[in-house]
Protein chains: 2
Amino acid sequence: MKIPVVKKVLKLNDEVAQMNRRRLKKSGVFSIELIGSPGSGKTALIERTLDKLAGQMNVGVAVGDLATSYDAERIGKWTEHVVQINTGRGCHLDANQVMRAMRRLPLDEMDLMIVENVGNIICPANWDLGLDAKVALFTASEGDDKPIKHPPIVCSADVIVLNKVDLLPHVEFDVERFTNDIRTLNPDVPIVQTAATRGQVCEFVEWIAAQMMPQATA
Amino acid sequence: MKIPVVKKVLKLNDEVAQMNRRRLKKSGVFSIELIGSPGSGKTALIERTLDKLAGQMNVGVAVGDLATSYDAERIGKWTEHVVQINTGRGCHLDANQVMRAMRRLPLDEMDLMIVENVGNIICPANWDLGLDAKVALFTASEGDDKPIKHPPIVCSADVIVLNKVDLLPHVEFDVERFTNDIRTLNPDVPIVQTAATRGQVCEFVEWIAAQMMPQATA
């Protein structure tokens, strides 16, 4: 008698994440997830990024919040392709919530999908949504010790944004310490600086553009 | 035959929370929990509060972080009664972690215990640690829409601190909107303003003192 062994079964979330990944690839959509504390400027960064990319590419956005649709309303001024996900008490998005949002977006017409996670830098680090890249936001006003105190998000990030650099003159923040701590955890991750509410998001937009560039082949 | 029915069994966390509550009451310790986003100034608020209370009362502190003992080291300059709790990937403290910390504090000599939760305004709202009051921190640099987007923490708070008011001239923040949104969710909660890194914590210290005042009896 041969006993059947069920192995390498993915957790349900990770199964759905793989479905999301395949679906996005089929439509040729590059997809990123923004992770940052409440008030780190995720929505402002998306607004200014949409402004810079206007006319160049078609962007869809899904935004997560416990309650309200304020963020989607803000983003709705920049793109008609926006979906709000309300999580109630949920502290992170999961792959199924993103799949539901994707069904409301015209993926075949889109070039880029941006997902704004719930404001939290802990739990979202551990969940695969099936997207191409995780963007971790920190801010000048939060203090320079946040990366070293939150290793999982730093280690899982594909790019790190230091936002609110316009506040650097008004707060205690050692950019060198911030950078060195990140390098300890994730030596090669790109670090870009932005001041989203001032419209300074060029380094981030350039990072997105570089990711979407067709790779040179030998 | 009478079938035994097990009812009103508390969740394990809540059983331990009740044990914490009884233990603190036995020692006559007033206890508060600070909940705020990463970088909202929880540790700075504790430091300046300890400074103001020096010589007046004996305070013990337990601080939660995913990693490092930086916060405990900072607080160790103000009190010898400090314990660091590292949660690894855990996004909130639970009652058992607090009980473990309490075992390392001289409760019978203490008047006040301050517990700094992990930087997160979502999950900690839902966990009873067995303490007397929940203190919710928001900051001027996070934006005025944070209370309305995070109902559970606003509804469960016994006092709300608006920290970093020294940054109000440099950011967009409507204090009236912030206050009105809180009032919608929790009409009677006290709201105090602080600028902890500037040493402005009087309103918060006065709130603590008022809670510890013996109640007048008829």
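Between chain B and chain A, 9 residue pairs are in polar contact, both residues of each pair being at pLDDT 80 or more. A polar contact is a pair of N or O atoms within 3.5 Å; within protein, one must be able to donate a hydrogen and the other to accept it, and residues adjacent in sequence count only if both atoms are side-chain atoms. On the side of chain B that touches chain A, the elements giving two or more residues are helix H3 (70-75), helix H5 (146-149) and helix H6 (151-156) of chain B. Helices (H or I, at least four residues) and strands (E, at least two) are DSSP runs, numbered from the N terminus. By class, this side of chain B has 14 nonpolar, 10 polar and 11 charged residues, where Ala, Val, Leu, Ile, Met, Phe, Trp, Tyr, Cys and Pro count as nonpolar, Asp, Glu, Lys and Arg as charged, and the others, Gly among them, as polar.

The model is predicted: local features need pLDDT of at least 70 and side-chain atom pairs count only at pLDDT 80 or more, while totals for chains, interfaces and linings use all residues. Residues are numbered from 1 along each chain as its sequence is written, chains are lettered from A in the order in which they are written, and side-chain values use heavy atoms, with hydrogens and water left out.

Contact (heavy atoms within 4.5 Å) joins 35 residues of chain B to 35 residues of chain A. The buried area, which is the accessible area (1.4 Å probe) that two parts lose on being put together, summed over both, is about 2800 Å² between chain B and chain A, and carbon and sulfur atoms give 61% of it. B:Pro38, B:Ile122 and B:Lys149 supply 22% of the area that chain B buries against chain A, more than any other three residues.

Across the interface there are 4 salt bridges, each a side-chain nitrogen of Lys or Arg within 4 Å of a carboxyl oxygen of Asp or Glu. B:Lys149 forms a salt bridge with A:Asp71, with the closest N and O atoms 2.7 Å apart. Of the interface residues of chain B, 100% are also interface residues in chain A, so the copies meet through the same surface.

Within chain B, B:Asp144 lies in the loop between strand S5 (133-139) and H5. B:Asp144 has 11% relative accessibility and therefore counts as buried (under 20% relative accessible area, 1.4 Å probe, protein chains only). Its side chain reaches the backbone nitrogen of B:Asp174 at 2.8 Å and makes a polar contact with the side chain of B:Arg177 (3.3 Å).

Key. Buried < 20%, exposed > 50% of the residue type's maximum accessible area, 1.4 Å probe, protein only.
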